[in-house]
Amino acid sequence: MAPDFLPPDLRVLSRQEVAGLMMRWQQPLVVGGEVRSCPGCGAYRDWIVFCMSDDSVWLRCKAGHETKESGLDAAWYNRNSGPVDGFHPTLEEGLRHLGH
């Protein structure tokens, strides 16, 4: 019998347990050949990009304005994000972790 290779206390989160993922995107975000800017303040860089459990992608500027980005999807997010480096119990803690 082969020994278990995963530690017994390993907890794997299902997608249903995570409301979404977030990453920082500091450079201008180009979607469909156009630079995206915040409809609230005109910012065009230093975004927090959220990928929600329904596969929608949302952008948040440094001023806190949020907008759904229909030109991006979970596949784009997965291609452009790095490995998950932590889970945060609140949105505020996640934003603080990313420097926003």
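Begin by selecting Arg-36 and Glu-34, which form a salt bridge whose closest N and O atoms are 3.9 Å apart; the term stands for a side-chain nitrogen of Lys or Arg within 4 Å of a carboxyl oxygen of Asp or Glu. What you have open is a predicted model, in which local features need pLDDT of at least 70 and side-chain atom pairs count only at pLDDT 80 or more, while totals for chains, interfaces and linings use all residues. Residues are numbered from 1 along each chain as its sequence is written, and side-chain values use heavy atoms, with hydrogens and water left out.

**Around Arg-36**

Glu-69 lies in the loop between strand E6 (66-68) and H1, and Arg-36 in the loop between strand E3 (34-35) and strand E4 (47-52), so the pair ties together parts that are 33 residues apart in sequence. Helices (H or I, at least four residues) and strands (E, at least two) are DSSP runs, numbered from the N terminus. At 21% relative accessibility Arg-36 is partly exposed, whereas Glu-69, at 6%, is buried; buried means under 20% relative accessible area, exposed over 50% and partly exposed in between, with a 1.4 Å probe and protein chains only.

**Other salt bridges**

How many salt bridges does the structure hold? There are five salt bridges in the structure. For another of them, select Arg-60 and Glu-66, whose side chains meet at 2.7 Å, N to O; Arg-60 is buried at 19% relative accessibility, and Glu-66 is partly exposed at 44%. Then select Arg-24, Asp-46 and Lys-62 together, which are linked in a network of salt bridges.

**The tryptophan pair**

Next, select Trp-25 and Trp-76. Rings of Phe, Tyr and Trp (its six-membered ring) pair if their centres lie within 6.5 Å, and planes under 30 degrees apart count as stacked, over 60 as edge-to-face and the rest as tilted. One aromatic pair is found by this rule: the ring centres of Trp-25 and Trp-76 are 5.2 Å apart and their planes stand at 50°, so the pair is tilted. Because Trp-25 belongs to strand E1 (residues 20-25) and Trp-76 to helix H1 (residues 74-80), the pair ties together parts that are 51 residues apart in sequence. Trp-25 is buried, with a relative accessible area of 13%, and Trp-76 is also buried, at 13%.

**Cys-38 and its surroundings**

Move on to Cys-38, which lies in the loop between E3 and E4 and is buried, with a relative accessible area of 5%. Leaving out residues up to four places away in sequence, Cys-38 touches Ala-43, Trp-47, Cys-61 and His-65, where contact means heavy atoms within 4.5 Å.

**The whole chain**

Buried residues make up 25% of the 100 residues in the protein chain. Among the contacts with a separation of 6 or more, 49% are accounted for by residues 24 or more positions apart.
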